[in-house]
Amino acid sequence: MNKCYIDGSIGQCGHSSRSADKAAASGTVMDLKKDFHMNSGAGDNSYARNSKIQGLIISKSQSERRKAAVAAYLGTGRPATMSVADLGCSSGPTALLAVEDIMVAVERACVELHGQPPEFNLLLNDLYGNDFNALFRSFPEFNSRRQGKGLCFVTGVPGTFYGRLFAAKSLHLVCSSSSLHWLSQMPEELQQKEGSPAACVNKGKVFISAGSPPCVAEAYRKQFHRDFTTFLRCRAEEIVRGGLMVLAFMSRKNREAALMEDRYIWGLLEDALNAMASEERIDSFDAPFYAPSMEELEEEIGGEGSFCIRSSDQFLVRWDDDNQYSGTGGEANVTARPVKHAVRMAKGVRAVAESMLRSHFGEGFGMDDLFCRYGGLLAQYYADSEAAVTNVVISLVRK
Amino acid sequence: MDLKKYFHMNSGAGKNSYASNSKIQGLIICKSQSVRREAAVEAYLGTGWPATMSVADLGCSSGPTALLEVEDIMEAIERECVELRRQPPEFNLLLNDLYGNDFNAVFRSLPEFYSRRPGKGLCFVTGVPGTFYGRLFAAKSLHLVCSSSSLHWLSQMPEELQQKEGSPAACVNKGKVFISAGSPPCVAEAYRKQFHRDFTTFLRCRAEEIVRGGLMVLAFMSRKNREAAMMEDLYIWELLADALNAMASENLVAQERIDSFNAPFYAPSLEELEEEIEGEGSFCIRSSDHFGAGWDDDDLYSATGGAAADGVIRPVRYAVRMEKGVRAVAEWMLRSHFGEGLAMDDLFCRYGELLAKHYADHEAAMTNVVIALVRN
């Protein structure tokens with residue numbers, strides 16, 4: 001039995017063996033557009049309580065975002081009303097960080113230019129299942145922090161960004177953080193029934209892996225191409241000439257997708273699932289996730305043609321970057337730190353992936369058990385490897 | 001009670017929810033349809049056939065009524081475009097309600113809403129939380145505003161009734177929860193002033209947000225009688241006060257709580273409306289019309305076999321419906337004011353009985369106004 005690190009006490013995993021056999025025998029088909037959402041509320045497993053890494057990523061991309069905000073304001077002719085969209089805003093403490101930042105940057109620029117700042121239209125987008133109620137209830141406090149500043153109108157826009165969300169030529173700036181590594185669906189070419197001629201099955205795996213057949217990486221690449229092209233085309237219709245996009249999401253340095261630096265995130269989840277779920281359910285689950293390389297991104301952007309790359313940068317976000325988790329006396333202990341990192345990572349992955357895992361493996365699937373095992377595997381991993389994830393922040397101008 | 005931020009209808013889809021008890025509001029939307037459709041076409045033409053038409057629904061709530069008006073408006077304009085042989089616009093649909101509204105429920109109904117529009121133009125639905133007694137939208141960004149069953153709600157209980165008893169300016173509406181024949185004259189005056197402040201703010205904000213030639217179509221409760229204390233539908237609040245007073249006499253509710261509760265509600269007369277609109281000056285009245293919306297109007301509740309036509313059964317049916325309808329809209333504010341100790345089931349049971357007696361001799365219909373305004 002693995003020791004359970006998740007709630008900080010030593011427990012035992014493994015109580016809900018093979019629960020997926022019973023729970024998901026019918027083989028539910030996941031509709032990401034409707035069902036995918038971060039864990040709602042403010043409880044122990046919520047996204048609100050387990051999104052510090054996403055907050056850090058927003059923080060680390062701040063200077064790029066602020067520059068882009070000012071460039072968009074100036075480049076679109078200093079509009080009286082500036083429309084800014086945040087795609088994949090989620091809810092919880094990270095939801096308003098980026099747009100608040102953008103307003104600060106533009107307002108400062110206006111002070112320097114001795115000009116009146118614009119009114120702001122802030123359009124916060126996420127999928128239909130996002131907890132918009134919680135998001136909206138945080139607005140009064142957000143508005144009260146803007147006493148004496150210009151008007152801003154905050155709205156919620158439900159729907160998928162793999163499609164049109166906004167009126168034509170209505171946006172000056174788009175930002176997105178920790179969202180674009182999510183695909184619109186599991187790769188199409190991996191959905192073929194086993195036995196059919198075109199079938200490519202990622203046996204025993206939930207993502208691209210060194211052990212996967214070559215067709216798996218190909219299937220993921222194709223899905224990413226379709227999705228990201230759709231994304232660019234839709235935004236191209238919605239953003240005015242001279243407007244910008246600032247996108248931050250998970251990326252990889254290695255050219256080979258199977259050798260992605262952060263593949264352990266899915267690799268270890270896979271190991272935990274293999275101890276619990278039926279083979280068929282694991283074989284048919286392929287994480288709707290892709291971390292492109294810089295080359296792949298440049299190829300897509302160059303291919304679609306509506307945007308130029310203004311700047312791009314890869315950066316690491318380490319668990320140590322958040323002061324709460326860095327060395328404070330006992331935490332510097334070599335044994336304690338991997339465990340703390342593992343707990344944090346397991347809860348963070350649970351907060352984002354639980355809805356899709358439930359959709360695929362069934363409502364009765366033992367989530368506590370799964371993430372208990374996952375946490376144990378992560379702790380072993382972090383004993384020898386860095387607790388960090390690779391991200392890219394890329395800034396694009398609408399031609 | 002922070003009405004301005006958190007007032008909301010009963011959420012969910014249970015037996016006391018707004019979703020299950022909003023047929024009257026649905027009827028009102030239905031009855032105002034022709035005015036709304038004409039206004040939609042006029043706004044589209046009057047603002048120069050915009051490629052993107054922005055339409056706001058203020059006080060959309062959630063449940064089955066939330067998307068009715070905007071769907072209607074798009075249909076009217078799309079039909080017009082067919083006749084004009086023009087490409088219809090893209091639609092920005094801006095659904096507004098207060099922060100406590102169940103927007104999640106509205107949004108989760110969107111995939112089905114969009115699926116009813118295959119082959120039609122693009123429309124983009126946005127949720128806009130906040131009070132319409134303040135700015136909600138960017139300047140000159142709207143072509144059409146609609147609102148149904150929302151503007152009879154004030155931003156707060158009348159300011160002049162908030163004075164502490166004993167202070168020189170105090171006006172206390174003892175034992176009542178609204179203007180009543182038995183209230184001192186200062187009560188109607190306090191309500192009139194609150195309505196004036198609120199409706200002026202509403203008009204001023206919308207004037208900044210709507211482009212010239214744009215329209216507003218507003219439907220809400222109104223009265224025919226000049227005297228507010230003689231409003232036809234006073235019984236809605238009178239009987240609620242009677243139920244509360246009966247509970248107070250049994251020590252189930254503190255009398256002081258009843259005295260300090262004044263429903264944040266006002267049903268203006270047409271004269272009052274015209275005065276406010278002309279006074280603010282940014283809009284012309286294009287049309288205005290009173291109409292009644294009653295329990296008989298909905299086929300579900302009208303004669304089905306002999307029993308429903310029975311003079312005994314019908315008042316009871318109406319009373320049940322009214323009691324549940326009022327509960328769905330007022331429960332939050334009653335809880336906020338009276339506290340969790342107020343037994344809602346008991347209150348509305350008593351209220352229902354009083355309503356049944358009332359409907360034995362009176363018509364079960366409520367007066368509404370639908371008014372169309374053009375931005376000067």
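**Notebook: rings, a strand residue and the A–B interface**

I started at A:F228, which counts as buried because its relative accessibility is 2%, under the 20% cut-off. A reminder to myself: this is a predicted model.

**Helix α8.** Next I looked up A:F231, and at 0% relative accessibility this residue counts as buried too. Both A:F228 and A:F231 belong to helix α8 of chain A, three residues apart, which is about one turn of the helix. How do their rings pair? The ring centres of A:F228 and A:F231 are 5.9 Å apart and the planes are at 15°, so I noted the pair as stacked.

**Aromatic pairs.** I then took the count over all chains, and it comes to 44 aromatic pairs. One of them joins A:W182 and A:W266; with centres 6.4 Å apart and planes at 85°, this pair is edge-to-face. I wanted to know where the two sit in chain A. A:W182 is in the loop between β6 (171–177) and α8 (214–238), while A:W266 is in helix α9 (residues 264–274), so the pair ties together parts that are 84 residues apart in sequence. Both A:W182 and A:W266 are buried.

**A:L316.** I moved on to strand β8 (residues 307–318) of chain A, where A:L316 lies. Is A:L316 buried or partly exposed? Its relative accessibility is 24%, so I wrote down partly exposed. Leaving out residues up to four places away in sequence, A:L316 touches A:K60, A:D321, A:E386, A:A388, A:V389 and A:T390. I also checked A:Y290: it is 26 residues from A:L316 in sequence, and the C-alpha atoms are 17 Å apart.

**Chain A against chain B.** Last, the interface. I read off 27 residues of chain A in contact with 28 residues of chain B. The area buried between the two chains is about 2,100 Å², with 59% given by carbon and sulfur atoms. On the chain A side, A:Y128, A:F136 and A:F153 lose the most area to chain B, together 25% of what that side buries.

For polar links, I noted 13 residue pairs in polar contact across the interface. The salt bridges between chain A and chain B number two. I looked up A:R164 with B:E90, whose side chains meet in a salt bridge at 3.2 Å, N to O. Which element gives the most to the side of chain A that touches chain B? That is β5(A), with six residues.

Technical notes: Residues are numbered from 1 along each chain as its sequence is written. Chains are lettered from A and ligands numbered from 1 in the order in which they are written. This is a predicted model: local features need pLDDT of at least 70, side-chain atom pairs count only at pLDDT 80 or more; totals for chains, interfaces and linings use all residues. Side-chain values use heavy atoms; hydrogens and water are left out. Rings of Phe, Tyr and Trp (its six-membered ring) pair if their centres lie within 6.5 Å; planes under 30 degrees apart count as stacked, over 60 as edge-to-face and the rest as tilted. Helices (H or I, at least four residues) and strands (E, at least two) are DSSP runs, numbered from the N terminus. Buried means under 20% relative accessible area, exposed over 50%, partly exposed in between (1.4 Å probe, protein chains only). Contact means heavy atoms within 4.5 Å. Buried area is the accessible area (1.4 Å probe) that two parts lose on being put together, summed over both. A salt bridge is a side-chain nitrogen of Lys or Arg within 4 Å of a carboxyl oxygen of Asp or Glu. A polar contact is a pair of N or O atoms within 3.5 Å; within protein, one must be able to donate a hydrogen and the other to accept it, and residues adjacent in sequence count only if both atoms are side-chain atoms.
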